[in-house]
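This report describes one protein chain, from its overall make-up down to single residues. Please keep the sequence and the structure in view while reading.

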Amino acid sequence: MSLNVESLVESPLTAPRPLRLIDDTGRAAPPDDAAGFVLPDPATLLSLYRRMVVARRFDVQVTALTRQGRLATYPSALGQEACEIAAVAALDTGDWLFPTYRDSIALLTRGVPPEQILASFRGDWHSGYDQNAHRIAAQATPLATQALHAVGLATASKLKRDSTVALTLLGDGATSEGDAHEAFNFAAVWQAPVVFVVQNNQFAISVPLDKQMRCRTIADKAIGYGMPGYFVDGNDVAAMYAVTSAAVENARAGHGPTLIEGLTYRMEAHTNSDDPSRYRDAGDLEIWRRRDPITRLDTYLGEVGALSDAERADIRAEAEDLATDTRECMTRSAPVDPLELFDHVYATPRAALMEQRAFLAAELAEHAAASASSTSSTAEAGGTR
């Protein structure tokens with residue numbers, strides 16, 4: 001018998017309208033959709049717009065480099081810019097971000113250079129950036145494991161009585177993992193200063209949301225854990241920023257965690273090895289293309305006079321400069337030192353590990369000497385002809 005048994009019973013639950021501040025057409029949403037939240041000022045929205053445009057150009061460039069074989073793999077976040085940029089923009093510099101493998105544009109927005117972001121995707125390092133310097137944990141490939149790490153850091157922050165908040169990004173598929181349940185429950189019980197932002201792009205690789213869960217929304221699960229939950233239009237960066245900022249400040253004030261679900265859509269494949277045409281309808285893609293987060297904010301800012309053609313050109317130029325830098329850094333070979341394997345295994349290296357390191361160092365030195373000798377012999381032979 002197949003373990004993938006599907007119920008034929010229709011769910012009686014109807015999902016509510018997501019909270020939004022700017023609608024699909026780029027106009028201010030009605031008060032009923034805003035749920036008491038207020039549109040950020042035009043200057044803040046313009047900053048968010050700039051970051052989204054730059055992030056998308058980076059994402060498109062990296063996807064192209066992956067198709068050229070410059071990287072082993074890359075999970076695109078095309079279409080999900082509003083969730084990621086809003087989350088990063090809501091944090092203070094001292095706060096911590098706990099990202100997944102799909103959240104490279106969040107790292108970019110928080111200041112990590114492209115070469116360091118992409119080091120792991122081409123196999124140079126597990127994490128190519130200084131996590132303490134950027135206050136960003138390693139991008140997590142196993143689903144939801146980083147959520148517990150975020151709760152741990154946030155709880156330590158609470159015990160030390162400092163003001164640090166942890167924010168973790170999750171996908172809808174990650175919320176089906178036991179680690180997510182444990183993280184939500186511990187965070188609520190301990191009232192940890194942590195914010196969970198779930199990017200519901202509606203597919204856990206090829207598994208749609210309705211085959212993962214029966215609840216109306218992922219945000220509804222917050223009720224069972226005893227924390228606030230918000231179901232937000234994940235393609236409305238204004239709403240995502242307003243809600244996430246409020247959740248971060250709520251956590252900083254000692255009022256515990258918040259679960260935010262951003263309803264969005266993954267426009268590209270799961271990774272470059274995936275074929276999404278096998279499990280989703282192309283018509284759905286077109287529907288979500290009309291809900292594009294950058295286009296809608298562009299329309300809104302243009303109508304309120306906060307975005308001129310000159311500013312658009314300036315932002316596009318910035319994005320192209322970044323794309324150029326990204327291409328150039330991916331054409332350079334990364335320096336490889338095999339002895340780095342031993343550098344970060346233990347804080348205090350063990351004797352057995354140091355013996356292995358010494359063995360490898362001697363072997364490398366032997367190979368280097370043999371190579372130098374061979375080169376010298378070849379040169380001498382060439383000189384006597």
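A residue is called buried when its relative accessible area is under 20%, exposed when it is over 50%, and partly exposed in between (1.4 Å probe, protein chains only). Of the 385 residues of this protein, 46% count as buried. The model is predicted, with local features needing pLDDT of at least 70 and side-chain atom pairs pLDDT 80 or more, while totals for chains, interfaces and linings use all residues. Residues are numbered from 1 along each chain as its sequence is written, and side-chain values use heavy atoms, leaving out hydrogens and water.

**Whole chain**

The protein has 14 helices and 7 strands. These are DSSP runs numbered from the N terminus: helices are H or I with at least four residues, strands are E with at least two. The C-alpha trace spans about 90 × 55 × 50 Å along its principal axes. A contact means heavy atoms within 4.5 Å. Among contacts with a separation of 6 or more, 73% join residues 24 or more positions apart.

The UniProt record, an unreviewed entry, annotates residues 50-324 as "domain: Dehydrogenase E1 component". Such annotations may be inferred rather than shown by experiment; feature names are shortened and positions follow the numbering used here. Over residues 50-324 the chain is 46% helix and 11% strand, and the end C-alpha atoms are 17 Å apart.

**Helix H13**

The expected span of a helix is 1.5 Å times one less than its number of residues. For the 23 residues of helix H13 (residues 309-331) this gives 33 Å, which agrees with the 33 Å between its end C-alpha atoms. The buried residues of H13 are Arg 312, Ile 315, Ala 319, Leu 322, Ala 323, Thr 326, Cys 329 and Met 330. An α-helix has 3.6 residues a turn, so residues three or four places apart point the same way.

Trp 190 is found in helix H8 (residues 178-190). Why is Trp 190 called partly exposed? Its relative accessible area is 39%, and the range for that label runs between the buried and exposed cut-offs.

Ala 361 lies in helix H14 (residues 351-383). Ala 361 also counts as partly exposed, because its relative accessibility is 25%.
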